[in-house]
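Subject: Handover of a structure and the findings on it

Dear colleague,

With this email I hand over a structure for your study. Please look through the sequence and the model before you read on.

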Amino acid sequence: MFEPDAVPPPPVVPQAPAAAPRSPWWRFALLVVVLAAAAGSLLLWSPTELLSGGLADRMPGYWFGPLFALVYAVGTLAFVPRPALNAVAGLLLGIQQGVLLAVLGTTVGAALAFGLGRGLGREALRPYLRGKVLGALDRRFTEQGFRSVLVLRLLPGMPFQAANYGAAFSGVRFPSFVLATAIGVVPTTAVYVTAAASADRPGSAAFLFSAAVIALLVLGSVVGLWRTARTRRRATAG
């Protein structure tokens, strides 16, 4: 009997080597580029001038509010100081509408910054949050995210974007961050908007009250920072 011919084995197709995982530092570099571009764009446009330069006259009334909040949000993303934006809101819109749209714009801007920081920068910087101090802060934001963000928002001396990206690099959840921001920025926003809206009446109760509250908030912030530094020095010495 004849044996059937042996079937040759299938040819071995070489497999391409698996692609190396992309370094998270590429995303962090992209974050730096985006923020630098946002800040550099202020050479071409000014959010405060756009908001106060006849924007209301060029837009239908029902579009003005959302557009104002959006320009405000982009302005915060470009590192425009919030007191300047709040002043425009107060001068242009008055107290009630100015506070509402300024709080909305602040919250939207914070959410945009949080998304950028969480998506592009957190993975690269997480290994550096393992130290004693940074690790403790990260655990606090992870376990008590809403409360921690709320405290930061109530401090007038805390840089707005520093709080945004610090929270984004930590473990705080996005809903807690947004809710705490929306609530926590109301007092300082209301004070600055009221001061600007009543600046033409420096003897009015609204202006005097808002100016006094601003002074107290700044003083309280300075005292709080001093006490924190003093406690840290004592802990280090002990």
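The paragraphs below set out what was found, beginning with the chain as a whole and ending with single residues.

Please keep in mind throughout that this is a predicted model.

**The chain as a whole**

The protein chain contains twelve helices and zero strands. Read from the N terminus, its elements therefore follow the order α-α-α-α-α-α-α-α-α-α-α-α. Of the 238 residues in the protein chain, 35% are buried.

**Two helix pairs**

The first topic is the pairing of helices H5 and H11. Helix H5 covers residues 82-93 and helix H11 covers residues 186-197; their axes come within 7 Å and cross at roughly 55°. This angle makes H5 oblique to H11. The crossing in which H5 passes H11 is right-handed. On the side of H5, the contact is made by Arg82, Pro83, Asn86, Ala87, Ala89, Gly90 and Leu91, while H11 contributes Thr188, Thr189, Tyr192, Val193, Ala196 and Ala197. Sorted by class, the residues in the contact of H5 with H11 are eight nonpolar, four polar and one charged.

The next topic is the pairing of H8 and H10. Helix H8 (residues 145-154) packs with helix H10 (residues 174-184) at an angle of about 30°, and their axes are 8 Å apart. Because angles under 35 degrees count as roughly parallel, H8 is roughly parallel to H10. H8 also passes H10 in a right-handed crossing. From H8, the residues that make the contact are Phe146, Val149, Leu150, Arg153 and Leu154; from H10, they are Ser176, Phe177, Leu179, Ala180, Thr181, Ile183 and Gly184. By class, the contact of H8 with H10 comprises eight nonpolar, three polar and one charged residues.

**Aromatic rings**

How many aromatic pairs does a search of the whole structure find? The search finds five. A pair of aromatic rings is described by the distance of the centres and the angle of the planes. For Phe114 and Phe174, the ring centres are 5.5 Å apart and the planes stand at 50°, so this pair is tilted. Phe114 belongs to helix H6 (residues 95-125) and Phe174 to helix H10, so the pair ties together parts that are 60 residues apart in sequence.

The two residues of this pair can also be described by their accessibility. Phe114 has a relative accessible area of 2% and is therefore buried. Phe174, with a relative accessible area of 39%, is partly exposed. Phe114 and Phe174 form one aromatic cluster together with Phe177. Phe177 is also one of the H10 residues in the contact with H8.

**Single residues**

Arg27 lies in helix H1, which covers residues 24-40. Its relative accessible area is 25%, so Arg27 is partly exposed. Arg27 and Gly119 are 92 residues apart along the chain, and their C-alpha atoms are separated by 8.1 Å. Leaving aside neighbours within four places in sequence, Arg27 is in contact with Gly119, Leu120 and Glu123.

Ala36 also has its place in helix H1. With a relative accessible area of 46%, Ala36 is partly exposed. The C-alpha atoms of Ala36 and Ala78 are separated by 8.2 Å, and these residues are 42 apart along the chain.

Is Thr76 buried or exposed? Thr76 has a relative accessible area of 0%, which means that it is buried. Thr76 lies in helix H4, which covers residues 61-77. When neighbours within four places in sequence are left aside, Thr76 is in contact with Arg82, Leu85, Gly109, Phe160 and Gln161. Among these, Arg82 is also one of the H5 residues in the contact with H11.

Phe79 has a positive phi of about 70° although it is not a glycine. Its relative accessibility is 41%, so Phe79 counts as partly exposed.

Yours sincerely,
A colleague

Technical notes:
Residues numbered from 1 in each chain as written. Predicted model: local features only at pLDDT ≥ 70, side-chain atom pairs only at ≥ 80, totals over all residues. Heavy atoms only, no water. Helix = DSSP H or I, 4+ residues; strand = E, 2+ residues; numbered from the N terminus. Buried < 20%, exposed > 50% of the residue type's maximum accessible area, 1.4 Å probe, protein only. Contact = heavy atoms within 4.5 Å. Axes fitted to C-alpha atoms, helices over the stretch in contact; angles between N-to-C directions. Parallel < 35°, antiparallel > 145°, perpendicular 65-115°, else oblique. Left-handed = near helix turned anticlockwise from the far one by under 90°. Nonpolar A, V, L, I, M, F, W, Y, C, P; charged D, E, K, R; others polar. Phe/Tyr/Trp six-rings, centres within 6.5 Å; stacked < 30°, edge-to-face > 60°.
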